[in-house]
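The report below walks through one protein structure and is meant to be read with the sequence and the 3D view side by side. Please keep both at hand and look up each residue as it is named.

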Amino acid sequence: MSDKLLEVKGLTACVEDEDKEILHGLDLTIRAGETHVIMGPNGAGKSTLGSTLMGDPRYKITGGSIEFQGEDITELTTDKIAKMGMFLSFQNPIEVPGITLANFIKTAIENKTGERLRFWDFKKQLSETMKILNMDESYADRDLNVGFSGGEKKKAEILQLLMLKPAFAILDETDSGLDVDAVRTVSQGIEEYKKTVGGALMIITHSTRILEALDVDATHVLVDGKIVANGDASYIDEINENGFEKFLK
Ligand SMILES: Nc1ncnc2c1ncn2[C@@H]1O[C@H](COP(=O)(O)OP(=O)(O)O)[C@@H](O)[C@H]1O
Ligand SMILES: [Mg+2]
């Protein structure tokens, strides 16, 4: 049996209401447990790739295919894809008034497993996980991301990652805009995910700081809606030194 977790072939995608193509035939394969890094200039389509994999209705898939866990998910909706074990941490997490961080996570886990969680078991696990992330417990009862600082929003995303335990997580610039301490905390959270869940990661980043404690299996350069180059972990430093110039037409 193949251990392919995600196989993207010739993926093209447009903005739903504008017919503007953003992904122009993208190929990518990720196996279970691997860590892949996506780099690329601003506007290349990195966030669009993450959202499209996750079934975001803002993007229309016009060609190619996405296979996840051996199943064709090209046409599936976000809720089904999430249930299969895919997770996306947003570049800009949205504020959701009216639902607390704790309830949001509890509902997401219950939707995924189809089983009701016992309140105290959940609470205990949540507060233990918040400790790992240096999050004050009071955040659990605050409305999701409302009034959270940039760093707190990113920590709340990693909290979801650790609580949901997905087989595959896409982290979209989870480290950008964070101070040194917050980057370290977020990195520790990601390490904890690797250690306890062992899932695969697709990390969209411009910096190596978040990767220091991780074994990177492959690096991909995304330019103009396509993967234009692939390399190993050492590729990251090379790109950070030389920039994306040589990949641009
Ligand atoms: N929902 C959208 N509506 C209109 N344009 C979009 C939308 N999403 C992305 N784009 C455009 O697609 C291109 C790629 O964006 P994005 O995926 O955010 O790039 P990256 O994350 O690599 O910086 C940009 O030109 C952006 O303006
Ligand atoms: Mg982006």
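## Aromatic pairs

Two rings of Phe, Tyr or Trp, the last taken by its six-membered ring, form a pair if their centres lie within 6.5 Å, and the pair is called stacked when the planes are under 30 degrees apart, edge-to-face when they are over 60 degrees apart, and tilted otherwise. In this model, which is predicted, the rule gives a count of 3 aromatic pairs. One of them is formed by Phe 68 and Phe 168, a tilted pair with 6.1 Å from centre to centre and 45 degrees between the planes. Because Phe 68 belongs to strand β4 and Phe 168 to strand β9 (residues 168-172), this pair ties together parts of the chain that are 100 residues apart in sequence. Phe 68 is buried, with a relative accessibility of 0%, and Phe 168 is buried with a relative accessible area of 0%.

Another of the pairs is formed by Phe 119 and Trp 120, whose rings are edge-to-face, with 5.2 Å between the centres and 80 degrees between the planes. Here Phe 119 counts as partly exposed at 43% relative accessibility, while Trp 120 counts as exposed at 66%.

## The open sheet

How many strands form the open sheet, and in what order do they come? There are 6 strands, arranged as β6-β9-β10-β3-β11-β12, and their pairing is mixed. Strands of a sheet pair through backbone hydrogen bonds, and they do this in either a parallel or an antiparallel way. The strands β6 and β12 (226-231) stand at the edges and have a single partner strand each, so one side of each is left without a neighbour in the sheet. From one strand to the next, the twist averages 20 degrees.

Both senses of pairing can be followed in detail. Strand β9 pairs with β10 (residues 200-204) in the parallel sense over 5 bridges, and Ala 169 stands opposite Leu 201 in β10. Strand β11 (residues 218-223) runs antiparallel to β12, to which 5 bridges join it, and His 220 stands opposite Asn 230 in β12. The hairpin of β11 and β12 has 2 residues between the strands, and in this hairpin Asp 224 takes a positive phi near 50 degrees.

Helix α5 (residues 150-164) lies across β6 and β9, and it runs at about 170 degrees to β6. Within helix α5 sits Gln 160, a residue that counts as buried at 7% relative accessibility. If neighbours within four places in sequence are left aside, Gln 160 is in contact with Phe 87, Leu 101, Phe 104, Ile 105 and Leu 144.

## Two loop residues

Asp 56 is found in the loop between α1 and β4 (59-68), and Gly 147 is found in the loop between β8 (143-144) and α5. Are these residues buried or exposed? The table sets out the values.

| Residue | Relative accessible area | Class |
|---|---|---|
| Asp 56 | 13% | buried |
| Gly 147 | 56% | exposed |

The side chain of Asp 56 reaches the backbone nitrogen of Arg 58 at 2.8 Å. Apart from neighbours within four places in sequence, Asp 56 is in contact with Ser 51 and Thr 78. Gly 147, when residues up to four places away in sequence are not counted, touches Glu 95, Arg 142 and Glu 152. Gly 147 and Phe 122 are 25 residues apart in sequence, and their C-alpha atoms are 24 Å apart in space.

Definitions and conventions. Residues are numbered from 1 along each chain as its sequence is written. Chains are lettered from A and ligands numbered from 1 in the order in which they are written. This is a predicted model: local features need pLDDT of at least 70, side-chain atom pairs count only at pLDDT 80 or more; totals for chains, interfaces and linings use all residues. Side-chain values use heavy atoms; hydrogens and water are left out. Helices (H or I, at least four residues) and strands (E, at least two) are DSSP runs, numbered from the N terminus. Buried means under 20% relative accessible area, exposed over 50%, partly exposed in between (1.4 Å probe, protein chains only). A polar contact is a pair of N or O atoms within 3.5 Å; within protein, one must be able to donate a hydrogen and the other to accept it, and residues adjacent in sequence count only if both atoms are side-chain atoms. Contact means heavy atoms within 4.5 Å. Two strands pair if DSSP finds at least two bridges between them. Axes are lines fitted to C-alpha atoms, for helices over the stretch in contact, and angles run from 0 to 180 degrees between N-to-C directions.
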